[in-house]
Amino acid sequence: MSKQEHGKKVYIKVWLWLLAITIVGFIVSPLGLPGWLHNSLIILVALMKGGLIVAYFMHLKFEKISLIYSILLPLILLIALAVALLYEGTTRFL
Amino acid sequence: MNHDAVLEQKKIMESEWGGGKAPFGVSWRKYMMWIFIVSDAFTFGAFLAAYGLFRVTSEAWPNTYEVFTAFPLIPFEAPMLFVAMMTFILICSSFTMALAVSASYKNDRANALKFLGLTILGGSIFLLCQVYEWYHFIHDGASLTGNPWGTPLFSASFFMITGFHGLHVLSGLILLTITALKVKRGFYERRGSYEGVEIVGLYWHFVDLVWVFVFTFFYLL
Amino acid sequence: MASEHAVGTVEHHKETFISKYVFSYDHKMIGKQYMITALVWALIGMALSWIMRIQLAYPAEQMPWLETVLGRYAEGGILAPEYYLAMMTMHGTIMVFFVLTAGLIGTFGNFLIPLQIGARDMAFPFINMLSYWTFFLASVIMLLSFFVESGPAAAGWTVYPPLSAIAAAIPGSGAGQTLWLLSIGVFIVSSLFGSLNYIVTVLNMRTKGMTMGRMPLTVWAIFIAAILGLLAFPVLLSGAIMLLLDKNLATSFFIPAGLYIGGELLSYEGGSPILWQHIFWFFGHPEVYIVALPALGICSEVIATYARKPLFGYKAMVASLLAIAFLSFIVWGHHMFVSGMNPFLGSVFVLTTILIAVPSAVKVFNWLATLWRGKLHFTPAMLFAIGLVSLFITGGLTGIFLGNAPIDIQLHDTYFVVAHFHFVMGAAALFGIFAGIYHWFPKMYGRMMNNTMGKLHFWLTFIGIYLIFFPMHFMGTTGVPRRYYAFTEFEYTMQYGGMNEFITIAALITGAAQIIFLINFFGSMYLGKKAERNPWNATSLEWTTDDPMPGHGNWKGEIPMVYRGPHQFSTPEGKEDYVMQSDNTGFEGLEREN
């Protein structure tokens, strides 16, 4: 059985990081960056936040590699759905 | 029977996948919560992918920075500030949840209860904020079938996605309350494992995680 | 870890009628509940298909008895067109969800997984019980929709909007469609409960020595189908919620602007009906394999058992199941080739679709190789398994036609498609259910089914299915469209009048032949010969239980340990022509060490 080995310190660190990048995501928009840069920054921030939550708060980083794969690999299918829908939305005359 | 087969059998019986063991090193309860989360991620993922299609097919998608400007008690417009605050609150509640799990594994009942309480508080504030947000949005003229800013799909997908997420927050709060009561009554202590707290924690973090993506895709992009 | 495995040990308390037969936690009883409910649904679904077939064979002929049976659906003895569509929709829905999904994975997943992997019960018996009762609730809601004013849903089992979303479009899109969506929503919850249980049980509850590579193929197939269900059903849930909002709260997620009904412009704006098709088929194609995989798994195990040979290419069989499962998620677009899809995207879907032919062919060749020079015992279960192989080949080959966009554009929405999926999904999966029931009936009820009746049932059903569906290929290639109420309008469809009559008669006879099965099934429950512990000389763990019909907890003593792979028939070791997985010959002493 897995134990939550690390204590408060790590959580506080992660929490501060989360706050920091939330603020980054929040102030990026009014800067008036070009669309693609703005969007990729925002998505990058979201992925970083999600990664931190999953890895530390949900403890996934410290689980067995097989467990990690069994949780993360199915999400590829979700990305396939999103990509297909966005592609359809931009190439089809609706 | 040859010697090799016996050796092979010995190896199998020691291995993690050889049966009678938890191959991922986690109990079935925790793994069940994990795969439930994957399944639920597909529900939200489908909503968000559909929303993505609406975004790219709609000509007039409103600028969210001009829509979500209200902040209670502030007379001037503060674009996105309220939502950012909600995000902050939910992340904080995730943080206290992690502390609650950590405390419970140290058999520190008092601290576990304290942090669970804080998590419930954070979740409740988030839910209240969402009520305010909905109230304001509806007050400004948004409904499932239309809104003053652009395509009706904008407000419809807002209500659908945040509503579905709000239901998850609500059910998370109920689960957390039950867990807190169990901790208080010493249920986990008697059982000898505080895993139940961790499993509810996983769900709560997932609710937070979904909000991160809702916040990003619906509000910021 | 030992405590982990002891979860779900039997508590020997007094069982009341309610706790034993109604809200039972016992996986075997839950499996039987699923089986009986699915059986009832199958009869309803079959009756609906009879009504459709009678209409197609004798359009515009007044049959007063039809009014007696159907009431307002067939005033004047003629089935009304909108109710023909309702019958068709409900036939599809019932058969896909309530018979083939619940009847296969619900029945055999529950009944077999703990028995075959050596567990006392499912990991979480309580939500297992909930899974059945939510399924029952979904059944009740679906059944209710037959009795609402405007009739049941009528937009096809794929419920494409806008037809399904606008109540004014067709009577069935009123309350009937709402109930349909609610019922499917509840069904998804039930399926989720089931899948969660199947997956964690297979992973965590295996007995000592039962590696993943020693699991019988049935368990593998159900395990993989459960993963498919876990990932595919939630997407349908999202779609169903959006469609429900469209239908009842006037959102326009799936409804485009500019729709007129009765000369009146509807106020919807901005939605995309194509989006529903994507979401539905992202679920819908894996759903086909949620249905098919357990049937293929049962077929593999049954063929190995009655051919008295080890399954040819066990690893290849597992790998092909995994490959089919993965591919099934990225082929959904082949249902939408005619929807105006970007040809590039279409060609991607053609590629992935045709790729599925590879693992499917691996399975077929492995079955044939298993049968090759085996000592074949033609029991009813074996006959149905071989029949499944035949149907799977027939339906699979037409699948290659339909997976090609250029050919599909010609054949789309014709009877060719009807023939295709009835062979490969409908009948093949049904044969899987029958093979499973004939094979495991002794374990379920402690008695044997009648062999002669079983064989008669097989031959009538097998020949009947070919007579019903094979002619539809020819109709389809000349462009006869599916889902039509009558074929009396166009000359090229009128020429099939005789063929339609022939198909209808075949359908009536084949359906009636199922009575033989029912008599055999229910009769054998009480009158069948008492079964021994292992009547088929099979090798997997369920045949090692102390009682022929095991009670709650499955094994009275310790759970057996496993020393070898499944399907060990006619191997050099052992006195008999089979070696049980739990046979410890040659491993004496190992048990004590552990």
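Chain B contains eight helices and zero strands, where helices (H or I, at least four residues) and strands (E, at least two) are DSSP runs numbered from the N terminus. This is a predicted model, in which local features need pLDDT of at least 70 and side-chain atom pairs count only at pLDDT 80 or more, while totals for chains, interfaces and linings use all residues. Residues are numbered from 1 along each chain as its sequence is written, and chains are lettered from A and ligands numbered from 1 in the order in which they are written.

**Fold and dimensions of chain B**

- Along the sequence, the pattern of chain B reads α-α-α-α-α-α-α-α.
- Chain B has a radius of gyration of 23 Å, well over the 17 Å that the globule rule gives for 221 residues, so it is more spread out than a compact globule. (The radius is taken over C-alpha atoms, and the rule is 2.2 Å times the number of residues to the power 0.38.)
- Taken along the principal axes, the C-alpha atoms of chain B fill a box of roughly 80 × 45 × 20 Å.

**Contacts within chain B**

- Of the contacts in chain B with a separation of 6 or more, 70% join residues 24 or more positions apart; two residues are in contact if their C-beta atoms, placed from the backbone, lie within 7 Å.

**The contact between chains B and C**

- Chain B gives 37 residues to this contact and chain C gives 45 residues.
- On the side of chain B that touches chain C, α1 (3-14), α2 (28-57) and α6 (152-184) each supply at least two residues.
- The largest share of that side, 14 residues, comes from α2(B).
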